[in-house]
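Student: I'd like to learn how to read pockets and cavities. Can we go through an example together?

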Amino acid sequence: MKYKAIKFSRNNQAEFISDLRKRVKDYFDSNNISVYGNATMVSKTVVMFLLYFAPYGLMLSGIITQPWLVLFMWAIMGIGMSGIGLSVMHDANHGAYSKNKRVNFIMGYVMNVIGASTVNWKIQHNVLHHSFTNIEGMDEDIDPGKLMRLSPHAPLLKAHKLQHIYGWFLYGMMTFLWLTTKDFKQLYRYKKEGLLKGQKRTYTGVLIETIISKILYYGYALVLPLVLIPVSWWIVLIGFFIMHFITGLSLGLIFQPAHVMPTAEYPIPDDTGNIENNWAVHQLFTTTNFSPKSRIFSWYVGGLNYQIEHHLFPNICHVHYKRISKIVRETADEYGLPYNSEKNFISAIVSHAKMLKSLGRPSAV
């Protein structure tokens, strides 16, 4: 079934989202607050970039040469790279970082600076994941490949029985796929499905951009360190691996527990492509928040622990999610709709692990 054939109900509790949007708008208007980023967003951007580029500079300049400290610098770069993806690039590619479109464009293209394709990410995340959350065959976030089964409607393999054990390692390997084959395979698939037209880009243009971006990335992130850092080459390679493993694991542990949970539903369209709920209600049934009271954690992960608010209002900067979450919860309660939330990050990981184990067994079908 083509993605365009999916149709959400226009009638099933349609008043929920209209009332919610009005209440959220009233919050911003009455407090004279912009829905975009603020000084907190700018300061966070500076911190995340420093976490990524400062250790890089310290290594290349020869200030840090002790092997264990070099590996520690790569680890900090991994934390910075994760933070850039979660807290900077993500908002920018949703158009929520700034009211200035050029600023959003520049900050969004940081994705290319850290080795991936901004265009592909927008299609996979903004278009497919946000539009068709947890719908098998539409949402690529629940289709990471044959080794992981993240939907009860996906084929079940014998290996999936152990995915709750090995899945964490595969999450850590996520960005290595971006660096190698995924972007090219994904781009070709999006070309065939006509999804590049929505980005107003051509296949050839994005392909050239992707190739150049990866050459530049490998040049500054791997070749220069191999040449300039005065340690054995294998120390650099291990450091590069550590950086990307931390990034991949961080992204996996933030994004997957938001949707692959025991409380999440996986709606199936009928023969004509219709979904029972309207789009906003569908988001509530397929999404979970976690750790709502942890300010430091929320700061680092770009407010993505408020995944419900993000899915309902992707064009609002994440620095506002905590404040509007009360409005969203109260409105959901008023309409008798779910508002799934885990108390903390650990409980979210535990629940996600239980879901992975369940999906690895026939009973999950």
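Student: Which residues line the largest cavity?

Tutor: Some ground rules to begin with. This is a predicted model, where local features need pLDDT of at least 70 and side-chain atom pairs count only at pLDDT 80 or more, while totals for chains, interfaces and linings use all residues. Residues are numbered from 1 along each chain as its sequence is written, and side-chain values use heavy atoms, with hydrogens and water left out. On a 1 Å grid over the protein atoms alone, a cavity is a set of points where a 1.4 Å probe fits but cannot get out; a pocket is an open set with protein on both sides within 12 Å along at least five of seven lines; lining residues have an atom within 4 Å of a point. Here, the largest cavity is lined by His129, Asn134, Asp139, Asp141, Ile142, Phe255, Gln256 and His259.

Student: What volume does the largest cavity have?

Tutor: A volume is the space filled by probe spheres set on the points, with grid points joined across faces, edges and corners. For the largest cavity that gives about 40 Å³, and the structure holds three cavities of 30 Å³ or more.

Student: How does the lining of the largest cavity divide by class?

Tutor: Ala, Val, Leu, Ile, Met, Phe, Trp, Tyr, Cys and Pro count as nonpolar, Asp, Glu, Lys and Arg as charged, and the others, Gly among them, as polar. The cavity lining has two nonpolar, four polar and two charged residues.

Student: Now the open sites. Which residues lie nearest the centre of the largest pocket?

Tutor: Gln124, Glu140, Asp143, Pro144 and Lys182, out of 44 lining residues. Helices (H or I, at least four residues) are DSSP runs, numbered from the N terminus. Among those giving two or more residues to this lining are helix 3 (67-93), helix 6 (118-131) and helix 11 (233-255). The volume of the largest pocket is about 1200 Å³, and its lining has 21 nonpolar, 11 polar and 12 charged residues.

Student: How much space lies in the second largest pocket?

Tutor: About 460 Å³. Its lining has 18 residues, with Thr40, His318, Val319, His320 and Lys322 closest to the centre. Helix 2 (39-60), helix 13 (295-300) and helix 15 (321-334) each give two or more residues to that lining. By class, seven are nonpolar, seven polar and four charged.
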